[in-house]
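Subject: Structure handover

Hello,

Here is the structure we talked about. Please open it alongside the notes that follow.

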Number of protein chains: 2
Amino acid sequence: MAHKLNQIFSALADPTRRDILIMLLEDDMAVTDIAEPFEMSLAAISKHLIVLSNAGLVLQERRGRVKWCKLDPEAIHAAFVWIQTFGQLDPINLDSFEEFLEKEKLLKNSESI
Amino acid sequence: MAHKLNQIFSALADPTRRDILIMLLEDDMAVTDIAEPFEMSLAAISKHLIVLSNAGLVLQERRGRVKWCKLDPEAIHAAFVWIQTFGQLDPINLDSFEEFLEKEKLLKNSESI
DNA sequence: CTATTATTCAACTATTTGGTTGAATAAAGT
DNA sequence: ACTTTATTCAACCAAATAGTTGAATAATAG
């Protein structure tokens, strides 16, 4: 009965798992597709997904032989609340974040030309 | 150069360390005083504090034979920013995301001067 | 100088973690 | 029925983690 925050934070502590979460922002994905860009075995990615699932960060739903993985925002929200409550932190400046996204978009466009 | 977020999240993954952080919200404390309420050795707490310090969550300053520990809000802020932005991002270049976090940090510093 | 206090170091142990490979299971395609 | 595809299982390994104890270091007090 390890505390949920233990599982959430330790799931977030691994860069591969953070990358997987970022990928899942874009769309739900099957295990094999998630594994594709990583230079490690499918079994390793499968384990990472189980960790993410146990932490409640990802939901896995089997349809046929494919297991679809999708983000579950609840757990990440729990971590967010803990941190926010902990230090009564201000939220980041959303304007500068918008600027960042804008620059990202321009960059992507210029790369594709 | 293990990514800072790895260290921050894995530091936060341990309940003893989260408790220590909560204690430090109230006031700066010496190592021995931090250890007092826990049912584990002083050496164990000392190690936890080193983990927190390496993650940048806690600053340790030696005065005489006493090492004073205080919160360093910067690292926790980085984690906060990661989580907050996580849910809003299109898939992006992770490197430029890091740059963004870096800029956020510099901004916060300049504001506090 | 000696004793006490604060903290860390060193060595050890048990458990967990993140990875591997090869086999197993199960569904779909031909 | 046979083959391919998707995923996990099982066994193993190396490294990291979280704890222990006892000794070492270093500053302060008497």
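What share of the 113 residues in chain A is buried? Buried residues make up 20% of them. Keep in mind that this is a predicted model.

**Chain A overall**

The secondary structure of chain A comes to 6 helices and 3 strands. Along the sequence, the order is α-α-β-α-α-β-β-α-α. Take the contacts in chain A with a separation of 6 or more: 54% of them join residues 24 or more positions apart.

**Helix 1 of chain A**

Four names to look up here: A:Ile8, A:Phe9, A:Ala11 and A:Leu12 are buried in helix 1 of chain A. Viewed down the axis of this helix, they fall within an arc of 160°, so they line one face. A reminder on geometry: an α-helix has 3.6 residues a turn, so residues three or four places apart point the same way. The buried residues of helix 1 of chain A pack against helix 2, helix 4 and helix 5 (73-87) of chain A. Helix 1 of chain B is also a packing partner for them.

**Helix 2 of chain A**

Helix 2 of chain A covers residues 15-26, which is 12 residues. From first C-alpha to last it reaches 18 Å, close to the 16 Å expected at 1.5 Å a residue. Its buried residues are A:Arg17, A:Arg18, A:Ile20 and A:Leu24. These fall within an arc of 155° seen down the axis of helix 2 of chain A, so they line one face of the helix. What covers them includes helix 1 (4-12), helix 3 (31-35) and helix 4 (42-54) of chain A. The cover also includes strand 1 (29-30), strand 2 (58-63) and strand 3 (66-71) of chain A.

**Helix 1 of chain B**

In helix 1 of chain B, the buried residues are B:Leu5, B:Ile8, B:Phe9, B:Ala11 and B:Leu12. Their arc around the axis is only 160°, which puts them on the same side of helix 1 of chain B. They pack against helix 2 (15-26), helix 4 (42-54) and helix 5 of chain B, together with helix 1 of chain A.

Now the crossing with helix 5 (residues 73-86) of chain B. The axes of helix 1 (residues 4-12) and helix 5 of chain B come within 10 Å and cross at roughly 100°. That makes the two helices roughly perpendicular. Helix 1 of chain B contributes B:Lys4, B:Leu5, B:Ile8, B:Phe9 and B:Leu12 to the contact. Helix 5 of chain B contributes B:Ala75, B:Ala78, B:Ala79 and B:Trp82. By class, the contact has 8 nonpolar, no polar and 1 charged residues.

**Helices 2 and 4 of chain B**

Helix 2 and helix 4 of chain B pack at an angle of about 75°, with their axes 10 Å apart. They are therefore roughly perpendicular to each other. B:Thr16, B:Arg17 and B:Ile20 of helix 2 of chain B meet B:His48, B:Val51 and B:Leu52 of helix 4 of chain B. This contact has 3 nonpolar, 2 polar and 1 charged residues.

**B:Gly56**

Where does B:Gly56 sit? Its place is in the loop between helix 4 and strand 2 (58-63) of chain B. Is B:Gly56 buried or partly exposed? B:Gly56 is partly exposed, because 18 other C-beta atoms lie within 10 Å and a buried residue needs 20 or more. Beyond residues up to four places away in sequence, B:Gly56 touches B:Lys4, B:Ile8, B:Asp72, B:Glu74 and B:Ala75. B:Met40 is 16 residues from B:Gly56 along the chain, and their C-alpha atoms are separated by 23 Å.

Best wishes

Key
Residues numbered from 1 in each chain as written. Chains lettered and ligands numbered in written order. Predicted model: local features only at pLDDT ≥ 70, side-chain atom pairs only at ≥ 80, totals over all residues. Expected span 1.5 Å × (residues − 1). Buried ≥ 20, exposed ≤ 12 C-beta atoms within 10 Å, placed from the backbone. Arc of directions from axis to C-beta. Contact = placed C-beta atoms within 7 Å. Axes fitted to C-alpha atoms, helices over the stretch in contact; angles between N-to-C directions. Parallel < 35°, antiparallel > 145°, perpendicular 65-115°, else oblique. Nonpolar A, V, L, I, M, F, W, Y, C, P; charged D, E, K, R; others polar.
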